[in-house]
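Please keep the sequence and the coordinates in view while reading.

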Amino acid sequence: MIKKYEFGTPINTEAVILNLQACTDEIEKFRLSENEQEELIFTYQMSAGTKVYGLGEANRGINKRGFCYVSYCTDEPSHTEEKTSLYGAHNFLLIDDEREKFGVFVDNPGKVTFDIGYEEINTLRIIPKYRDMVVYIIEGETLKEILKSFRQLIGKSYIPPKWAFGFGQCRWSYENAGRVDEVIKNYEKNDMLISSVYLDIDYMKDYKDFTVDEERFPDFKNYVGSIREKGIRLVPIIDAGVKIEKGYDIYEEGVKNNYFVKDKDGHDYVAAVWPGYTHFPDFLNQEVRKWFGEKYAGLLDAGIEGFWNDMNEPAIFYSKNKVEEIKTALSERDVVNDDDRLMNDIRWQFDKVSNNSEDYEAMYHNMNGVPVNHDRVHNLYGYHMSRAAGEYFNKYEKNDILIFSRASYIGMHRYAGIWMGDNCSWWSHILLNLKMLPGLNMSGFMYVGADIGGFGCDVTEDLLLRWMALGIFTPLFRNHSALGTRNQECYRFTGTKAFKNMLDVRYRLLPYLYDTYLEAVKKDEMMYQPLAFVYPEDEIAVSIEDQLILGEDIMIAPVYTQNAIGRYVYLPENMTFVKIVAEGKLVTEKLEKGVHFIKVDLTEVPFFVRENHTLPLVKASVITDKGLRKSIMDCTVVYKDSDFELVG
Ligand code: GLC
């Protein structure tokens with residue numbers, strides 16, 4: 001049962017696909033009031049035991065209680081605990097109270113604050129900055145049932161091609177063909193399976209979207225083809241900002257046709273990102289989406305089959321306006337004689353320069369004929385960038401294209417997946433990776449994953465191995481790291497055998513993972529469920545936040561602390577503990593319901609098969625006629641019984 005309530009004049013976000021009649025009576029479940037800033041407040045009184053799930057890509061726990069989250073797509077490169085906004089805005093909550101269970105979706109693309117027991121421990125407050133919105137209340141008997149109704153409301157999730165479940169290697173940047181070749185050669189040399197190599201911004205000519213630097217990647221089409229022959233896809237990045245450069249076709253066309261976001265005087269808005277000063281395509285406009293989407297054709301024609309869309313919150317390093325403000329402020333100071341306050345003030349000015357709300361408030365869209373201030377629709381920008389691509393791919397004759405994005409809003413899940421942005425090589429980020437999975441699935445985002453090994457900071461071999469033992473189970477399985485950090489490809493470390501085995505495990509699991517993914521999409525279910533959803537009667541299971549049920553059959557419980565020899569797990573039912581150890585051998589042990597300490601070596605992959613369930617493992621690879629070892633995914637294989645191993 002879904003009830004729809006409209007407030008003000010809602011902006012059509014196209015997050016939902018069902019056309020429901022709005023209720024005319026007062027909203028249920030929430031008490032409405034106003035604060036001093038005349039913002040609307042939706043209040044729900046929780047009890048001590050109320051659980052609140054959802055919010056997709058958000059910090060902290062699976063149960064979101066005890067913190068305040070702000071839905072506002074943000075280029076946030078440091079995911080420390082106090083951060084309230086990350087890259088996505090997924091305004092869906094699932095409330096599990098003794099008295100009732102229901103879901104709430106606040107379809108409002110401006111800033112929305114979710115105070116879930118932060119100001120007052122038992123009070124949930126939802127405070128949208130702007131009042132124009134639709135709120136949906138979804139009722140049902142069980143959490144799963146509510147979730148299914150919500151997912152039916154927002155439509156089927158994106159399905160990537162199967163190869164996108166293979167392992168991908170990325171770095172900012174493999175800046176020329178030589179570097180890419182070297183990566184592939186090293187994977188091959190170490191007998192490690194790999195399905196994709198990602199191209200970061202340096203493949204472009206001066207960071208201009210849809211260009212390829214011919215000096216770094218000569219004869220790109222042939223090059224893409226030669227890599228493809230090895231069973232590997234190149235996946236280039238596309239950024240939101242279009243470089244301002246006379247003669248650059250995308251810039252010229254955008255200016256001529258008024259396709260860029262404007263300032264209040266109707267001039268194309270200017271802000272700096274990687275290419276220097278750029279304009280932002282107005283993706284909220286249908287005509288602009290069509291135009292930008294078609295631009296992917298050039299790379300598709302060169303044989304590219306996948307993309308990642310970045311910087312689409314949109315990230316702003318500094319705007320032309322801010323630079324002018326700083327210049328004016330400095331010109332009013334005596335730069336030669338000023339005291340140390342000068343440096344302090346300058347530092348302060350610069351600290352505030354990136355991604356600030358004043359810039360977002362100064363931008364304007366043309367939403368299919370209607371002028372709209374950016375701040376009111378901020379959270380739609382990344383969604384509509386990926387929608388531009390997705391809509392084009394759906395029309396393209398080969399519509400099996402990988403696409404995932406950094407910024408997102410519910411609705412984008414129908415067109416693309418996401419990655420969790422710029423995490424760090426920190427142990428705590430393995431756990432954060434795990435905790436985000438169910439929330440993202442609730443909001444419809446199924447093709448998801450984190451930068452394995454961590455994007456920022458220097459990785460260590462043990463951290464990477466432990467992280468891979470989780471990443472093996474996530475749809476997007478990509479190792480990515482930032483410029484200036486330690487190289488973190490799997491062959492860089494001493495334990496190459498262990499990494500080879502880890503990668504093999506992924507390919508052995510791949511048919512299971514892909515089928516589980518398809519099933520979850522088909523049935524509008526989660527691929528990763530918190531234990532609370534599967535064992536709602538089990539008080540201990542309900543409180544567990546570092547184990548997940550994957551599909552119907554297995555439970556994952558990675559080791560995520562340094563120097564650990566294993567970890568404690570709670571089994572809500574009897575299960576078979578499985579370890580895939582060196583050389584791919586399986587060690588299994590039947591364990592009874594209850595608490596156990598399991599020993600897991602750095603090189604091992606642990607998981608649990610539920611009682612009366614089995615897990616099929618296939619062979620990771622086959623040897624081709626040419627004597628090459630290829631992942632099973634790249635070959636047309638007719639499975640024989642002996643190719644399978646059933647565990648459980
Ligand atoms: C952003 C992305 C990161 C990418 C970098 C350079 O920080 O999140 O993945 O490597 O930009 O393009």
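## A buried charged pair

The side chains of Asp 546 and Arg 567 meet in a salt bridge, with N and O 3.1 Å apart; a salt bridge here is a side-chain nitrogen of Lys or Arg within 4 Å of a carboxyl oxygen of Asp or Glu. Asp 546 lies in the loop between helix 16 (539-543) and strand 29 (548-550), whereas Arg 567 belongs to strand 31 (residues 566-571), so the pair ties together parts that are 21 residues apart in sequence. Helices (H or I, at least four residues) and strands (E, at least two) are DSSP runs, numbered from the N terminus. Both Asp 546 and Arg 567 are buried; buried means under 20% relative accessible area, exposed over 50%, and partly exposed in between, with a 1.4 Å probe and protein chains only.

The model is predicted: local features need pLDDT of at least 70 and side-chain atom pairs count only at pLDDT 80 or more, while totals for chains, interfaces and linings use all residues. Residues are numbered from 1 along each chain as its sequence is written, and side-chain values use heavy atoms, with hydrogens and water left out.

## Other salt bridges

The structure holds 49 salt bridges. Among them is the pair of Lys 129 and Asp 375, whose closest N and O atoms are 2.7 Å apart. This pair links distant parts of the chain, 246 residues apart: Lys 129 is in the loop between strand 10 (123-128) and strand 11 (133-139), and Asp 375 is in helix 10 (residues 374-377). Lys 129 counts as partly exposed because its relative accessibility is 28%. Asp 375, in contrast, has a relative accessible area of 0% and is therefore buried.

Lys 148 and Glu 525 also join their side chains in a salt bridge, at 3.5 Å from N to O. Here too the pair links distant parts of the chain, 377 residues apart, with Lys 148 in helix 1 (residues 143-154) and Glu 525 in the loop between helix 14 (496-523) and strand 28 (528-530). Lys 148 has 28% relative accessibility and so counts as partly exposed. Glu 525 is partly exposed as well, with a relative accessible area of 29%. In general, side chains of opposite charge can pair when their charged atoms come close.

## The ligand and its surroundings

Which residues come nearest to the ligand? Of the 13 residues around the ligand, Asp 200, Asp 310, Arg 406, Asp 422 and His 480 come nearest; a residue is near a molecule or strand if one of its heavy atoms lies within 4 Å of it. By class, the shell comprises eight nonpolar, one polar and four charged residues. In this scheme Ala, Val, Leu, Ile, Met, Phe, Trp, Tyr, Cys and Pro count as nonpolar, Asp, Glu, Lys and Arg as charged, and the others, Gly among them, as polar.

Taken alone, the ligand exposes 310 Å², of which the protein buries 97%; accessible areas come from the Shrake-Rupley method with a 1.4 Å probe, and for residues only the protein chains shown count as cover.

## Backbone features

Most residues other than glycine have a negative phi, and most peptide bonds are trans. The peptide bond from Trp 172 to Ser 173 is cis, with omega near 5°, and Ser 173 is found in the loop between strand 12 (167-169) and helix 2. Another cis peptide bond runs from Glu 313 to Pro 314, with omega near -5°; Pro 314 is in the loop between strand 18 (306-310) and strand 19 (318-319).

Glu 14 has a positive phi, near 60°. Glu 14 lies in the loop between strand 1 (2-7) and strand 2 (31-34) and, at 30% relative accessibility, counts as partly exposed. Phi of Glu 583 is likewise positive, near 60°. Glu 583 sits in the loop between strand 32 (575-580) and strand 33 (586-591) and counts as exposed, at 52% relative accessibility.
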